[in-house]
Amino acid sequence: MKYSIIGRDGLKVSKIALGTWSFGSVNAWGESNIDNLKKVVDYALDNGVNFIDTAEGYGKSEEILGKLLKGYEREDIVLATKIGGKVFEYNVVKERLNASLKRLKTKYVDLYQIHWPKMKHLWHKEDMTKKDYFDIYESMKRLREEGLIRYGGVSNFRLHHLKEFPEDAFNHIVTNQVPYSLLWRFYDVEGVANFCKEKEMKFLAYSPLAQGLLTGKFRPGTSPLYPTQRSNVLFNEPVFSNAWKVVEIVTEIAKDLDVTPAQVALKWVIEQDIIASAIVGTRKIEHLKENIEAVDINIPRKYLERLNEVSLEFQSMFPTGMEMWIGNNTPDTLAKIGIRK
Ligand SMILES: NC(=O)c1ccc[n+]([C@@H]2O[C@H](COP(=O)([O-])OP(=O)(O)OC[C@H]3O[C@@H](n4cnc5c(N)ncnc54)[C@H](OP(=O)(O)O)[C@@H]3O)[C@@H](O)[C@H]2O)c1
């Protein structure tokens, strides 16, 4: 395993992190078997993965992790969770954090993330206000001082959101967890690299396999398995067929290198300077093993460039500023959003 450092005093996180949305969120991912999850967590921690991501919004995921991590040395694990909702005042955040700590059976989390900013065009009534940014800053600062969190983070914050935080906020908020893969490049925008360098902030890539699409196991015409994939625009036409062209190139490169498409897709993500870690969701040991091994594969520069090129070309079919989950993915809705065929 290889590791990255996040935060100014240095929190060492594995380049492949274990995402646990599917562990507890039955609505999104169907039922899980706890004995199997225990094996997955044990395998991860025994094989160099020290970074685990969850959220209060992932059904029973926090509670399940609380049980599965029993017996491990707490300081050997970097545990990240998230707070949802739209109120970021210290008292509210602290109360919600305490509930997470109770479920996780721990005295602190290493990374406490704001799950989503308020966005009027999505599911909120309003956008972020000046007060919201200040509240997040103050909450993270105070929770760190109290030793309840080691660092603060945000998630799904665009560059224009990040720019609204007061300067001192970046002494406390050190990561932005965002969708980032060969099939989702919306956070790879002009200015973001400089901004992160200046603020010493790193991004964490979520859905780095585009919820399984980049593994090559879903072809156009095959149905996605889970509700979250069905509501993901990538699994719906006319996007799916275009995404498949990228997957075909990933598959060709994988064959040439004698590795799997998932490994090529993950290695491409962790090769990006801005990304500290790729958070991959899996409930299968054989997949986890494959994902961990991706860290050590070598993709020659010419292939990395080709991947970059095809992924940017694919992205040009979308209008800027889109989110991955649309919910109602009918061809009519997608056309109205401005997705090109
Ligand atoms: N901050 C946010 O708003 C946000 C949003 C989404 C996700 N996340 C975080 O990111 C994590 C990962 O994202 P995600 O689950 O949406 O997408 P993902 O990691 O890109 O894909 C997960 C899917 O890929 C499959 N998979 C994993 N490794 C595989 C392999 N080697 N070969 C074949 N299939 C493989 C998994 O199935 P198997 O179980 O069968 O392996 C699962 O269906 C989540 O668990 C969560 O922690 C955060």
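Predicted model: local features only at pLDDT ≥ 70, side-chain atom pairs only at ≥ 80, totals over all residues.
I then asked which residues touch the most other members of the largest nonpolar core. They are Leu183, Leu214, Leu234 and Ala265, in a core of 91 residues. Helix α10, residues 239–257, gives the largest share of this core, with 8 residues.

**Helix α10**

An α-helix has 3.6 residues a turn, so residues three or four places apart point the same way. I kept that in mind while reading the list.

I checked the length of α10 next. Its 19 residues should span 27 Å at 1.5 Å a residue, and the end C-alpha atoms are 27 Å apart, so the two agree. Asp258 follows the helix, and its phi is positive, near 60°.

**The barrel**

I traced the strand order next. The closed barrel has 8 strands, β3-β4-β5-β6-β7-β8-β9-β10, and the pairing is parallel. On average, neighbouring strands of this sheet are turned by 30° against each other, direction ignored. Helix α6 (residues 130–145) packs on the sheet and touches β6 (109–114), β7 (149–155) and β8 (173–179). The direction of α6 makes about 160° with that of β7.

I went through some of the strand pairs.

- β5 (residues 78–83) runs parallel to β6, joined by 4 bridges. Thr81 stands opposite Tyr112 in β6.
- β6 and β7 are parallel too, over 5 bridges. Val109 has Ile149 in β7 as its bridge partner.
- β9 (residues 202–206) and β10 (residues 275–281) run parallel with 4 bridges between them. Tyr206 stands opposite Ile279 in β10.

Are β6 and β7 covered or open? I counted buried residues for each. In β6, 6 of 6 residues are buried, and the strand is mostly covered. In β7, 7 of 7 are buried, so this strand is largely enclosed by the rest of the structure.

**The hairpin**

I turned to β1 and β2. Strand β1 (residues 3–6) runs antiparallel to β2 (residues 11–14), with 4 bridges. Tyr3 has Ser14 in β2 as its bridge partner. The two strands form a hairpin with 4 residues between them. In the turn, Gly7 has a positive phi of about 85°.

**The whole chain**

The secondary structure comes to 14 helices and 10 strands. The radius of gyration is 19 Å, close to the 20 Å that the globule rule gives for 341 residues, so the chain is as compact as a globular protein of that length. The C-alpha trace spans about 50 × 45 × 35 Å along its principal axes.

What percentage of the 341 residues is buried? I read 44%.

Technical notes:
Residues numbered from 1 in each chain as written. Pairing = 2+ DSSP bridges. Axes fitted to C-alpha atoms, helices over the stretch in contact; angles between N-to-C directions. Contact = placed C-beta atoms within 7 Å. Rg over C-alpha atoms; globule rule 2.2 N^0.38 Å. Buried ≥ 20, exposed ≤ 12 C-beta atoms within 10 Å, placed from the backbone. Core = buried A, V, L, I, M, F, W, Y, C linked by C-beta atoms within 7 Å. Expected span 1.5 Å × (residues − 1).
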